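Reader: I would like to learn how to read a protein model step by step. Could you walk me through this one?

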Amino acid sequence: MKESPASAFATTSEELSSVEGLPAAGLSEHDTAPLIAALERLFRAFSGHVSVRLWDGRTLALGTGQVPPEGPPFTLFCRTPNVVRSLLGGGDPLRLADAYFRGELDIEGDFFQALSLKDHVQVLRLPWQDRWRVLLTTLRMRSAAAFDQAKASLLAPQVQAHSKEENREAIGFHYDVSNDFYRLWLDERMVYSCAYFERAGMTLEQAQEAKLEHICRKLQLAPGERLLDVGCGWGALVMHAARHHGVSAHGITLSERQLQEARARIEAARLSDRVTVELRDYRDLPGECAYDKVSSIGMFEHVGLKNLPVYFETLFRQLKPGGLLLNHGITHYTEGWDKTLSTEFINRYVFPDGQLDTVGNIQRHMERADFEILDVEAWRPHYALTLRHWVARLETHHAQALAHVSEATYRVWRLYMAACALEFESGDIGVYQLLAARRIAGGTPVPMTRRHMYPPG
């Protein structure tokens, strides 16, 4: 059996505690002087305030901004000089992220506000003479956070062709970490996609139930119809659709652990006569005109941009003429999936097969597959709020999470979800529900208003 991400991330809470407070071997005040001077020069033009605590207990106040009366909102704790070298050697936030995953860097205080530094760090630069001096200084030091590089690798498997085998491995990397780990911070139905906060003050459970119901209403599900859910996760939507709308539902996934959990939940709910799930790639779906409705929630981001024509043609083929498709997924504000800090981070640590495009390009692919676009709804603020709920729950269950995954795995998920929340809030990424129909002669009959999508009252 291949090693799971949880076992590959070697850093543990015990290893982190062994690092804290220990100076690097052979480190003297003479050694640290050039590092501190370089840090001060690096941030001298920074208009904000950054608090940095070093491995020897000293705290530096950097930047030209004023410290709030209540104190700095966060402090960067550099447990070893290696972190300072990463920061000074070109300001690569991915190197800093890797240091955070390994436990060499910690963030004390407002985690979200600390992450907002990434845009500033990317443009911070020192003259090459200063960088060279820092490099020589830190090379002479042995880090107290020594770790086995072979065991501490956080890198996801590379995906190049988005083949069936690559997609299976990529899905396993992300989703097969541990069902119990996901259970700690998802809602009780384990819905791992954007919730729908239709009213102020809704809990995550209420918002996820509202999302499932909103999808079913958009699809105008009716008793006796057949629903296909592509990328069904732990089975929440197929179960909701069968229980509350009387359909026969079938879900497909590439995750072994999701499949096991979904089948257990379906059996416990006594829905096995109406709900089925299986391990299947969407490209292997048999038949044609087999379903009245198709849903794809948070799945098409994994298929690869070059495979979008095949993806939408496959879903089109599964639908009966006039049948409806709801495609829900994340989009990017720029076309294509060029190499940037954000795309590199996602593919390196989180979703090795993830690729996004603009909502306009996604619609174009759907229309080229002969779908008729019926409705487009933007959900960007909803996903930002969903992610903040997930991060808060994950942080609350930090100790319990370490019973299922390593400290490094916990840190990857915490950083990735918090960073994504900020990306949604800034508008760099969005999420849309696209409702479409398999085109028929004379056009698809549609309601004159959106009233059917919303519950009365």
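This is a predicted model: local features need pLDDT of at least 70, side-chain atom pairs count only at pLDDT 80 or more; totals for chains, interfaces and linings use all residues.

Reader: Then let us begin with confidence. What is the mean pLDDT of the protein?

Author: pLDDT is the predictor's own confidence in each residue. Here the mean is 84, and 80% of the residues reach 70 or more.

Reader: Now a strand, please. Which way do the residues of β3 point?

Author: The general idea is that side chains in a regular strand alternate between the two faces of the sheet. In β3, Phe74, Leu76 and Cys78 point one way, while Thr75 and Phe77 point the other way.

Reader: And why is strand β3 described as largely enclosed by the rest of the structure?

Author: Strand β3 covers residues 74-78, and five of its five residues are buried, so the rest of the structure largely encloses it.

Reader: Which strands pair with β3?

Author: Strand β1 (residues 50-53) runs parallel to β3 and is joined to it by three bridges. Within this pairing, Arg53 stands opposite Phe77. Strand β4 (residues 105-109) pairs with β3 in the antiparallel sense, over five bridges. There, Leu76 has Ile107 of β4 as its bridge partner.

Reader: How many aromatic pairs does a search of the whole structure find?

Author: The search finds 21 aromatic pairs. Take Phe43 and Phe46 as an example: their ring centres are 5.9 Å apart and their planes meet at 75°, so this pair is edge-to-face. The general idea is to describe a pair of aromatic rings by the distance of the centres and the angle of the planes. Both partners are buried, with relative accessible areas of 3% for Phe43 and 8% for Phe46.

Reader: Which residues do ring pairs link into a cluster?

Author: The cluster includes Phe181, Tyr182, Trp185, Tyr192 and Trp234, together with Tyr383, Trp390, Trp413, Tyr416 and Phe424.

Reader: Where do Arg411 and Arg414 lie?

Author: Each sits over the face of a ring. Arg411 lies over Tyr100, at 4.8 Å from the ring centre, and Arg414 lies over Phe111, at 3.8 Å from the ring centre.

Reader: Let us finish with Leu415. Is this residue buried or exposed?

Author: Leu415 is buried, with a relative accessible area of 8%. You can find Leu415 in helix α19, which spans residues 407-426.

Reader: What is Leu415 in contact with, leaving aside its neighbours within four places in sequence?

Author: Its partners are Ala97, Tyr100, Phe101, Phe111, Leu115 and Phe345. Ala97 shows how a fold brings parts of the chain together: Leu415 and Ala97 are 318 residues apart along the chain, yet 8.1 Å separates their C-alpha atoms.

Notes:
Residues are numbered from 1 along each chain as its sequence is written. Side-chain values use heavy atoms; hydrogens and water are left out. Rings of Phe, Tyr and Trp (its six-membered ring) pair if their centres lie within 6.5 Å; planes under 30 degrees apart count as stacked, over 60 as edge-to-face and the rest as tilted. Buried means under 20% relative accessible area, exposed over 50%, partly exposed in between (1.4 Å probe, protein chains only). A charge sits over a ring if NZ of Lys or CZ of Arg is within 6 Å of the ring centre and within 35 degrees of the ring normal. pLDDT is the predictor's confidence in each residue, from 0 to 100. Helices (H or I, at least four residues) and strands (E, at least two) are DSSP runs, numbered from the N terminus. Contact means heavy atoms within 4.5 Å. Two strands pair if DSSP finds at least two bridges between them.
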